[in-house]
Amino acid sequence: MNAFDYHQAVDAEQAIEQAMRRQQTRYLGGGTNLVDLMRETVERPAALIDVSTLAREIEETTHGGLFIGAGVTNAELAADPRVRMRYPVLSRAILCGASAQIRNMATVAGNLLQRTRCAYFYDIASHCNKREPGSGCDAREGFHRYHAILGASSSCIATHPSDMAVAMVALDARVHLRGPDGERSLALSELHREPGERPDLETVLAPEELIVAVELPPLPMAAISEYRKVRDRASYAFALVSVASMAALDGDTIGDVRLALGGVGTVPWRARRAEAALRGAAISERAIDTAVEAELEMARTLPGNGFKLALARRLMTSELKARVADAREGGES
Ligand SMILES: Cc1cc2nc3c(=O)[nH]c(=O)nc-3n(C[C@H](O)[C@H](O)[C@H](O)COP(=O)(O)OP(=O)(O)OC[C@H]3O[C@@H](n4cnc5c(N)ncnc54)[C@H](O)[C@@H]3O)c2cc1C
Ligand code: SF4
């Protein structure tokens with residue numbers, strides 16, 4: 001690990017000011033990803049600005065949503081009774097990730113901005129366009145069982161690893177940012193960039209911009225929502241394929257539906273084509289199959305990750321059927 005300066009910020013303004021004063025700074029959340037990367041010398045910041053003690057509250061919004069401070073830990077968020085009651089998909093997604101010890105340390109902002117788990121990215125002897133632009137991508141011809149089938153490019157096929165982000169994208173979360181030019185907010189689905197020719201540019205964050213909070217809008221149908229994750233081990237493993245889902249019925253048709261995928265996309269993947277195909281459709285197995293195919297026709301596989309296509313198809317189908325059944329049951333009770 002390279003030597004670095006450490007600064008504990010007392011508020012967001014000071015954190016940004018400290019970051020602007022120095023070259024090559026990184027904000028530090030729980031450090032569960034960044035410090036690992038520093039140990040491997042994949043990341044070599046000259047200074048860390050610790051923001052882990054800032055923004056630790058979860059507050060009600062005036063519209064009936066939740067405003068979640070960026071420094072809230074993953075464990076706190078998953079355990080919050082309002083999250084468990086109103087957005088169970090989020091609580092379950094978080095609890096499917098990492099380990100209890102890591103969730104106790106990891107913050108909301110750090111989770112959203114964690115880097116890919118592509119093994120070649122972590123191995124500084126490998127060619128990796130994300131770590132070193134223009135150097136190539138060893139994953140394409142190498143071991144790519146865990147890699148993306150949606151949103152990939154010839155430059156990079158790495159998946160976004162966060163479970164929490166998948167649930168939040170399905171919930172239409174907004175990210176609140178603060179930076180040298182002031183405050184702004186954007187849909188979480190707009191935060192992460194697909195790799196294109198610049199896989200090193202992972203988000204639309206401006207230099208020194210800080211995530212200060214994530215806002216969940218009120219969403220009654222989220223009270224019956226699920227996160228299902230398929231992985232190689234029952235715990236402590238990243239998703240091969242995961243699905244966040246919820247549905248609301250309007251008589252015999254699908255009134256609204258949310259579907260997002262993890263483990264298959266280069267970004268937390270909102271399945272908008274499938275959603276569009278389902279909204280207003282008469283409830284039937286055929287409608288679900290058609291919607292799933294509409295989403296997955298964009299998938300591009302490699303020899304090692306082709307199985308994800310079949311797995312995603314089955315998981316999306318079974319989860320959509322289950323959410324329709326849940327919504328029917330909810331309507332009858
Ligand atoms: C063994 C293991 C298994 C895991 N399994 C899973 C899993 O199954 N699913 C899953 O989703 N995750 C998993 N994780 C990843 C874990 O969830 C992340 O390491 C964690 O969420 C990162 O949060 P952090 O606060 O520690 O981030 P940090 O490591 O502190 O930071 C991560 C990044 O975010 C930036 N950052 C932090 N805070 C801010 C801010 N406020 N504004 C702007 N930038 C900021 C940092 O500069 C850094 O680039 C696993 C991790 C490990 C080690
Ligand atoms: S898939 Fe992306 S992160 Fe992995 S080696 Fe290729 S360029 Fe690097």
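# Close-up views of a predicted model

**View 1. Alanine 55 sits in the loop between strand 3 and strand 4 (58–60).** Helices (H or I, at least four residues) and strands (E, at least two) are DSSP runs, numbered from the N terminus. This is a predicted model, in which local features need pLDDT of at least 70 and side-chain atom pairs count only at pLDDT 80 or more, whereas totals for chains, interfaces and linings use all residues. Residues are numbered from 1 along each chain as its sequence is written, chains are lettered from A and ligands numbered from 1 in the order in which they are written, and side-chain values use heavy atoms, with hydrogens and water left out. Although alanine 55 is not a glycine, its phi is positive, at about 50°. With a relative accessible area of 37%, alanine 55 is partly exposed, where buried means under 20% relative accessible area, exposed over 50% and partly exposed in between (1.4 Å probe, protein chains only). A positive phi, near 60°, is also found at threonine 41, a residue other than glycine, and threonine 41 belongs to the loop between helix 2 and strand 3.

**View 2. Asparagine 33 lies in the loop between strand 2 (25–28) and helix 2 (34–39).** The relative accessible area of asparagine 33 is 10%, and the residue is therefore buried. Its side chain makes a polar contact of 3.1 Å with the side chain of tyrosine 122; a polar contact is a pair of N or O atoms within 3.5 Å, and within protein one atom must be able to donate a hydrogen and the other to accept it, while residues adjacent in sequence count only if both atoms are side-chain atoms. Leaving aside residues up to four places away in sequence, asparagine 33 touches Gln114, Arg115, Arg117 and Tyr122, contact meaning heavy atoms within 4.5 Å.

**View 3. Ligand 1 is shown with the residues around it, of which there are 30.** Tyr27, Thr32, Leu34, Thr107 and Asp163 come nearest among these residues, a residue being near a molecule or strand if one of its heavy atoms lies within 4 Å of it. A polar backbone atom of asparagine 33 is 2.9 Å from an oxygen atom of ligand 1, while nitrogen atoms of the ligand lie 3.1 Å from a polar backbone atom of alanine 98 and 2.9 Å from one of isoleucine 211. On its own, ligand 1 has 980 Å² of accessible area, of which the protein covers 92%; accessible areas come from the Shrake-Rupley method with a 1.4 Å probe, and for residues only the protein chains shown count as cover. Strand 2, helix 7 (108–112) and strand 8 (210–216) are the elements that give two or more residues to the shell. By class, the shell has 15 nonpolar, 12 polar and three charged residues, with Ala, Val, Leu, Ile, Met, Phe, Trp, Tyr, Cys and Pro counted as nonpolar, Asp, Glu, Lys and Arg as charged, and the others, Gly among them, as polar.

**View 4. Arginine 178 and glutamate 13 form a salt bridge, with the closest N and O atoms 3.8 Å apart.** Because arginine 178 lies in strand 6 (residues 174–179) and glutamate 13 in helix 1 (residues 12–21), the pair ties together parts that are 165 residues apart in sequence. A salt bridge is a side-chain nitrogen of Lys or Arg within 4 Å of a carboxyl oxygen of Asp or Glu, and a search of the whole structure finds 28 of them. Arginine 178 is partly exposed, at 25% relative accessibility.

**View 5. Arginine 26 and glutamate 43 meet through their side chains in a salt bridge of 2.8 Å, N to O.** Arginine 26 belongs to strand 2 and glutamate 43 to the loop between helix 2 and strand 3 (47–50), so the pair ties together parts that are 17 residues apart in sequence. Arginine 26 is partly exposed at 37% relative accessibility, whereas glutamate 43, with a relative accessible area of 7%, is buried.

**View 6. Lysine 321 and glutamate 285 are joined by a side-chain salt bridge of 3.8 Å, N to O.** Lysine 321 in helix 13 (residues 307–332) and glutamate 285 in helix 12 (residues 285–296) are 36 residues apart, and the pair links distant parts of the chain. Lysine 321 is partly exposed, with a relative accessible area of 34%, while glutamate 285 counts as exposed at 53% relative accessibility. Elsewhere, salt bridges that share partners join Asp172, Asp256, Arg258, Arg270, Glu275 and Arg279 into one network.

**View 7. Helix 5 (residues 88–95) is largely enclosed by the rest of the structure.** This description applies because six of its eight residues are buried, namely Pro88, Val89, Leu90, Ser91, Ala93 and Ile94.
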